[in-house]
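Hello,

Here is the structure I promised to pass on to you. Have a look at it first, and then read my notes below.

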Amino acid sequence: MPLSSRQLTQALKQVLAIARGLEPTAQVFVALHSASQAHVRFSRNEVTTSGELDQGHLEVTVQLGLRAATSTSNQTDEASMRALVERTVRLARLAPEDPELMPVLGPQPVMTNPAAFDAAIERLDAKGRAELVRAALEPGREQQLATAGFLATWSGLVGKASSAGLLHVHPATAVQLSVTARTTSGTGSGRGQFHARRLAGLSGRSVAERACATARASEGPRRLEPGRYTVVLEPAASASLAQSLLEAMDQRAADEGRSFFAGKVGTTPFAEVVSITSDPRRAMTPMLPFDGEGRALAAQPWVSRGTVSALATSRYWAKKTGKAPIGGHGGFELAAGSAPRSKLIEGVKRGVLISRFWYTNWVEAQNLLLTGLTRDGTFLIENGELVGPVNNFRFNQSVADAFARCDALGDVVEAAHDAETVTPAMRTHDFLLASVSEAV
């Protein structure tokens, strides 16, 4: 069984006490997660695997001056915790000095985020999961499409503590359902997904119907040549670009001249319609209210109406440069615009609608050049209408240019990647679809 809040708190304190007894001068940081996980996997319209497990993850960091070591375990009995701490202390004594090592944090403001936990997910049993999957299997069977997917739930506690007096214990839940549908011809594919920290709003049938509708619409694609196109990106695709942009927004990299963002804070390199914020207080983006080090998090604007507001700043770099540490948030919101999806398409003379990207990787950091593949539904737009499906592409595109040339965002946001990240559909121009991909 997962640990209760009292048990998890007691375990955190016990680890600190063991470390204090072994090395009274050490600084110690402890992270302990305890949860129940469950999943159901299906393929070819039938369940293939299912399972439940109780998961524990204990991580201990011991700092001796500028020397530090970290060890992990999945055991929380007293003997195992003592052995873990003893091993970590031995490793810390042998570790080389790290001039960038920061002291562990002390007490932080007490914060909770009720939106991060849902008792309905905690109560969801095997029968409830089976019902969700049964509903997700129906559309594929009815339409003679092959569907595959994955349902997963997580419910537990996240704890952080330090020898300097830090102590956080916070409940959290998560649920995800993804469904991919393929046509019998093998030429059409679609995907639906649902990510949330709450069970309300999850319909297995709705997720699958979305995947099936896209699969049928994308069957028998015509050939479209590579080139630069106006593109309308569904939320799953715009989320990939926004996530990549946030990953690159690092103050140290900018200060050292290794980043597109060097000298960009306070400037406006993106279109006015683009605003990105991380806010643990928002129910729409239900993040934990502290970061991996246990530091309390506040609302943080990153891009405001196209202007770069701030870059993520580690505690070490903040101390070195005399700034405040920024970041560590689990997710973000790319703010919605005012255009319904149909209006995004109506404004396109000739372009491409892209359902999502896959296998994205950085090519060149200075220009934020990203590469990847389109997948699960790519369609030609002509004179403001969807004409039909086209082949997939490999794209090579500057994320910065994509947000600079963005002229409209959809009026509805969606959690297309994880529960803490929401984005709308997006229209941008001169997007380089560099080569044809034969994959479906």
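**The sheet and its helices**

Strands E1 and E4 run antiparallel and are joined by 14 bridges. Within this pairing, Phe 42 stands opposite Gly 149 in E4. Please keep in mind as you look around that this is a predicted model.

E1 and E4 belong to an open sheet of six strands, and the order across it is E3-E2-E1-E4-E5-E6, with antiparallel pairing. Strand E3 (67–73) and strand E6 (189–196) are at the edges; each has a single partner strand, so one side of each has no neighbour in the sheet. From one strand to the next, the twist averages 15 degrees.

Two helices to look at next are H1 and H5. Helix H1 packs on the sheet, where it touches E1, E2, E4 and E5. The direction of H1 makes about 140 degrees with that of E1. Helix H5 (residues 204–217) also packs on the sheet, touching E4, E5 and E6, and its direction makes about 155 degrees with that of E6.

Which residues of H1 are buried? They are Leu 8, Thr 9, Ala 11, Leu 12, Val 15, Leu 16, Ile 18 and Ala 19. These buried residues pack against strands E1 (27–43), E2 (46–64), E4 (146–162) and E5 (167–182), and also against helix H2 (78–94).

Helix H1 has 18 residues (residues 5–22), which at 1.5 Å a residue should span 26 Å; the C-alpha atoms at its ends are 26 Å apart, in agreement with that.

Conventions:
Residues numbered from 1 in each chain as written. Predicted model: local features only at pLDDT ≥ 70, side-chain atom pairs only at ≥ 80, totals over all residues. Heavy atoms only, no water. Helix = DSSP H or I, 4+ residues; strand = E, 2+ residues; numbered from the N terminus. Expected span 1.5 Å × (residues − 1). Buried < 20%, exposed > 50% of the residue type's maximum accessible area, 1.4 Å probe, protein only. Contact = heavy atoms within 4.5 Å. Pairing = 2+ DSSP bridges. Axes fitted to C-alpha atoms, helices over the stretch in contact; angles between N-to-C directions.
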